[in-house]
Each structure stands twice: as C-alpha cells, then as structure tokens.
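The report that follows describes a single protein chain from its overall makeup down to selected residues. It is meant to be read alongside the sequence and the coordinates.

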Amino acid sequence: RRGIIMYVWNIVKLRDELKVGQLDQIDGLFYLLGLLVLHGFSVVVPELISMFEVSGVRHGLSILAHPMVFALQEIIMLLGIIYIWFCNGADKGKQFISRFLSLAFVLTVRFLVIGVIAFILLELFVGTYLVIVGLTVVQYDTTLGIVSGLFALGIELLIVYRTAVHIGVVA
C-alpha cells in the first residue's frame, strides 16, 4: 500500500494516476470530504459577507440573492454531474466516482484561489464605480449582491466544464 495520496493543485499528475487506476477507495473518501468542506464554504462565506453590507440591513433583492444563487449552484452541479457522467462514458465508463471527486476537488481548489483574488478585485472595481455613480446604500448593497451571485455562478459553471474536459481526457 502506498498510503493516501491527495493532489491539491497538480491536475496533470492526478489525471495520469486516474488513467492507470491508482486511486484507492480511501483516496476517494478524502476527496469527498474535501469537496464537502469546500461546499460548506460556499454556503457560509456569502452569509458572512452579507453581514458586512454597508446598510447593515438585508432588503429587496439582497434578501433573495443568496438563496437564489445557492439554488442555481445546486442545479448547475446536478446537471453538471450528469453531463460529466456522459463525458466519462456513461454506463460504459469506469471509476466515475473517484474520477469525478478527485478532479472536481482539484479544480475547486484552483478556482477558489483564483476566484477569491478575482472576486476581491471585482468587488473593489464595482464598489468604486457604484460610489462614483452615486447609488444609494440600498442600491449599492443590492447591486454588489447580484454581481457577487453572478460571479459565483460563473465559477460553478467553470468548475463543471473543466471537470468534464479533464474526465474526458482520462476516460
């Protein structure tokens, strides 16, 4: 037994191991646990961010933004898993669960790092623009909530797409 091997960034090395079937069940378990932790962040972080809204009060569209984004992310992921399953060869495919979990974990980590940096820059740019335009506090909070939600949905789509591409290479 070689011990638990978990790739966090090197997707090419992970793909090589997946091609020859070197990931064990325990590796899959750790990738699943890692994905669940990252998913937890996607639920908790928007709520933490909303605590720092300028107005201090949730109102209008910002009340609906977080649950709607979460629901849309879940729909994207559910449909994405079906699409990725087909990219793996559907019912003729092999090792779908271990391939999916490991590739999705590495891609989620990558997009999380890149996404946080891009998100901060986007929020600074949009926030500065909204102040220059002279929006009210309510309009400012609502607009930032919508922009943040759209950004999160875009990241989710990218993770699904790249996972499908990489699983297609492995299949």
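## Burial and overall makeup

Of the 171 residues in the chain, buried residues make up 37%, where buried means under 20% relative accessible area, exposed means over 50%, and partly exposed lies in between, with a 1.4 Å probe and protein chains only. The chain exposes about 10000 Å², and 75% of this area is supplied by carbon and sulfur atoms; accessible areas come from the Shrake-Rupley method with a 1.4 Å probe, and for residues only the protein chains shown count as cover.

This is a predicted model, in which local features need pLDDT of at least 70 and side-chain atom pairs count only at pLDDT 80 or more, while totals for chains, interfaces and linings use all residues. Residues are numbered from 1 along each chain as its sequence is written, and side-chain values use heavy atoms, with hydrogens and water left out.

## Secondary structure and contacts

The secondary structure comes to five helices and zero strands, so that the pattern read along the sequence is α-α-α-α-α, given that helices (H or I, at least four residues) and strands (E, at least two) are DSSP runs numbered from the N terminus. Among contacts between residues at least 6 apart in sequence, 73% join residues at least 24 apart, a contact being heavy atoms within 4.5 Å.

## The nonpolar core

The largest nonpolar core has 28 residues, and those with the most contacts inside it are Leu14, Tyr31, Ile84, Phe100 and Phe105. Such a core is a set of buried Ala, Val, Leu, Ile, Met, Phe, Trp, Tyr and Cys residues joined through side-chain atoms within 4.5 Å. The elements that give two or more residues to this core are helix H1 (11-19), helix H2 (25-50), H3, H4 and helix H5 (137-170), and the largest share, 10 residues, comes from H4. In soluble globular proteins, nonpolar side chains tend to be buried together.

Leaving aside residues up to four places away in sequence, Phe105 touches Met6, Tyr7, Val8, Tyr31, Gly34, Leu35 and Leu38. Leu107, found in helix H4, is buried because its relative accessible area is 2%. With the same exclusion of residues up to four places away, Leu107 touches Ile11, Ile159, Arg162, Thr163 and His166; the C-alpha atoms of Leu107 and Ile159, 52 residues apart along the chain, are separated by 6.1 Å.

Gly134, whose phi is positive and near 90°, follows H4.

A nonpolar patch on the surface is formed by Val8, Trp9, Leu112, Val113, Ile114, Val116, Ile117, Ile120, Leu121 and Leu124, with about 910 Å² of accessible area together. Patches are made of residues with over 30% relative accessible area and no salt bridge, with like charges joined within 9 Å and nonpolar side chains (Val, Leu, Ile, Met, Phe, Trp, Tyr) within 5 Å; a salt bridge is a side-chain nitrogen of Lys or Arg within 4 Å of a carboxyl oxygen of Asp or Glu.

## The loop between H3 and H4

Two residues with positive phi that are not glycines occur in this part of the chain. Ala90, with a phi of about 55°, lies in the loop between helix H3 (60-87) and H4, and it is buried, with a relative accessible area of 14%. Gln95, found in the loop between H3 and H4, has a phi of about 50° and counts as partly exposed at 39% relative accessibility.

Gln73 lies in helix H3 and is buried because its relative accessible area is 10%; apart from residues up to four places away in sequence, Gln73 touches Ala152, Leu153 and Glu156. Met68, also found in helix H3, is partly exposed, with a relative accessible area of 47%, and its C-alpha atom is separated by 8.5 Å from that of Gly149, 81 residues apart along the chain.

Gly154 has its place in helix H5 and is partly exposed at 29% relative accessibility. Gly154 and Gly115 are 39 residues apart in sequence and 10.0 Å apart in space, C-alpha to C-alpha.
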